[in-house]
Each structure stands twice: as C-alpha cells, then as structure tokens.
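I opened the model to look up salt bridges, disulfides, the annotated spans and a few side chains. My entries follow in the order I made them.

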Amino acid sequence: MGKIAGCLKAVFISFNCLFTCLGGMLIYGLLQINLSDYETEGIDAPSVLWLWVFAISTILISLLGSHAARTENKCGLKFFAVLMGIGMVLMVICGVLVSVSKNQAMENFRSPEVAKEILKDDEKKTILITVQQQLQCCGWTGVEDWGSDIPDSCRCTPSYGSGCKSISQGYRRPLSVHPKSCGEVVGVYVEYGINIILGITFGFAFVAMVGLIISIKMINQINRHDRAGVSAFAMRDY
C-alpha cells in the first residue's frame, strides 16, 4: 500500500497531465509562427519569447508534479508546492495591477491625444477610415476629430430605428453620421480582451492554489505514514 491515498494521487497526476498537454499545445502553436512573421505580421517578439518561457515552464513543472506524486517523493512535492505558491502570488499580483490600472488605461486609450496622433499619421488615418466603415463609427473621440473634412466612411444612412446623428456644417445641408466614436467602439473590444486576460490570470492563480493544497495534503499523508512506520518499528523493538 502506498503512502498517498490512491484517489488523491490519481487526481493530482491527472491534473498535471492536463497542464502538460496544455503546454504542449501552446508550443505547437508557437512553432507555427515563423521568424519572418514577426516583421510581416507585426508580431511582438518579446511577447512570443515570454509565451515560450510560460509553455516550457508549464510542461516542466507539471512533469515534476506527476513524477513526485507517482514516486511519492516528498522533496519533489515540496519543491512543487513552493513553485505553486510562487506562481499563485505572481498571478494574483499581476491580476490586481491590471485591474487597478485598467480604468486609467482605457481613459487614455479613448483620449483626444490619441486622436491627434492618429490624424497626424496618414497610415493610421487610413486605418481609422477603414475601422469607421467596418464598425460604423465616426472619429476616434467623435465626428469633431475630422473638423470640416468629414470622410464618407462617417456617413450614416437614416432608416427606421437607426441611430444616426445629424450635424450642421454652416451653409451645407445637415449630414447624418454614425453617433458612436471609434475609440468607444474599439474600447469595448479592448476592455473585453483585458477582462478575458484577467479571468485567465485569476484562473491560473486558483489552479496554482489547488495544486498547492493537494501537494501539501500529499506531503502530510507521507509524513503520517512515515511517523506510523517509525512508531510501529519502535513498539516492535520494545
């Protein structure tokens, strides 16, 4: 009979095998990214490097946990527990920092300063016009960003139930434009992405906590088994 309860060991090994597969899938995905794609597709190389570190670390730590549980190695389980504790703390800190700075970051994202930077660059301005066509918005902060030179992509066709905004341009007849700014529309998607990242971050923190609790439980079971063995040996000698 082993020192660790069979059910607990099976759950723990399955838990680690799942993360081994997750790390393997992430590495497979990263292998599909060619080095040339970093420039042609604007992929951030440092971010990819951190993903490699995360994927390899996930595989190594999960393999350590599986091996330590299978062999009932107390030192291995202690090391795994320390790594889980560090990972949990780091994930919580990152999640809290992102949560605290999210509102300010979103305000800066939608600010008039960003609109000025976009309109000063012809390439960014072209991208904004394309975004206006696809997302049915006008300007980064509003139609006022364009002044009197309002592009056709801002135009809105009034129809029953539509939310077009009517503006006056002096002697010209009123124009119907999209009422929402692109900063507002794009910001919704960005904020949604940030919330997903926060969910993943706190999710990994929870998983690390579960791994920490189970590994401590197994260490305690090994200690109890060892103490019981020593007591039985001492009584037999007595």
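**Entry: R155 and D152.** I looked up R155 and found it partly exposed, at 33% relative accessibility. I use buried for under 20% relative accessible area, exposed for over 50% and partly exposed for in between, with a 1.4 Å probe and protein chains only. D152 is exposed, with a relative accessible area of 62%. The two side chains meet in a salt bridge, 3.8 Å from N to O. The term stands for a side-chain nitrogen of Lys or Arg within 4 Å of a carboxyl oxygen of Asp or Glu.

**Entry: ground rules.** The model is predicted, so local features need pLDDT of at least 70 and side-chain atom pairs count only at pLDDT 80 or more, whereas totals for chains, interfaces and linings use all residues. Residues are numbered from 1 along each chain as its sequence is written, and side-chain values use heavy atoms, with hydrogens and water left out.

**Entry: other salt bridges.** How many salt bridges does the rule give? I get 5 salt bridges. One of them joins K9 to E72, with the closest N and O atoms 3.0 Å apart. K9 lies in helix α1 (residues 6-31) and E72 in the loop between α3 and α4 (74-109), so this pair ties together parts that are 63 residues apart in sequence. For helices I take DSSP runs of H or I with at least four residues, and for strands runs of E with at least two, numbered from the N terminus. Are K9 and E72 buried or exposed? K9 is buried at 18% relative accessible area, and E72 is buried at 15%.

K120 also forms a salt bridge, with E117, and here the closest N and O atoms are 3.3 Å apart. The two are 3 residues apart in helix α5 (residues 112-120), which means a separation of about one helical turn. K120 is exposed at 62% relative accessibility, while E117 is partly exposed at 43%.

**Entry: disulfides.** I searched for pairs of cysteine sulfur atoms within 2.5 Å, which is what I call a disulfide. The structure holds 3 disulfides. Counting bonded cysteines along the chain, their pattern is 1-6, 2-3, 4-5.

C137 and C182 have their sulfur atoms 2.0 Å apart. Their link is right-handed, with 90 degrees about the S-S bond. It connects distant parts of the chain, 45 residues apart: C137 is in the loop between α6 (122-135) and β1 (165-169), and C182 is in helix α7 (residues 182-237). Both C137 and C182 are buried.

C138 and C154 form a disulfide with a sulfur separation of 2.1 Å. This link is right-handed too, at 95 degrees about the S-S bond. C138 and C154 are 16 residues apart, each in the loop between α6 and β1. C138 is buried at 1% relative accessible area, and C154 is buried at 0%.

C156 and C164 form a disulfide with sulfur atoms 1.8 Å apart. What is the handedness of the C156 and C164 disulfide? The torsion about the S-S bond is about -60 degrees, so the disulfide is left-handed. C156 is buried, at 14%, but C164 is partly exposed, at 23%.

I also checked C21. Its sulfur is 6.8 Å from the closest cysteine sulfur, in C17, which is too far for a bond. C75 is exposed, at 62% relative accessibility.

**Entry: annotated spans.** An unreviewed UniProt entry lists residues 7-29, 49-67, 79-100 and 192-214 as "transmembrane region". UniProt positions are given in the numbering used here, feature names are shortened, and annotations may be inferred rather than shown by experiment. I looked at two of these spans in the model. Residues 7-29 are 100% helix and 0% strand, with end C-alpha atoms 33 Å apart. Residues 49-67 are likewise 100% helix and 0% strand, and their end C-alpha atoms lie 27 Å apart.

**Entry: I59.** I59 sits in helix α3 (residues 45-71) and is buried, at 17% relative accessible area. Which residues does I59 contact, leaving aside neighbours within four places in sequence? I find T20, G23, G24 and I27, with contact meaning heavy atoms within 4.5 Å. The C-alpha atom of I59 is 8.7 Å from that of N16, although the two are 43 residues apart along the chain.
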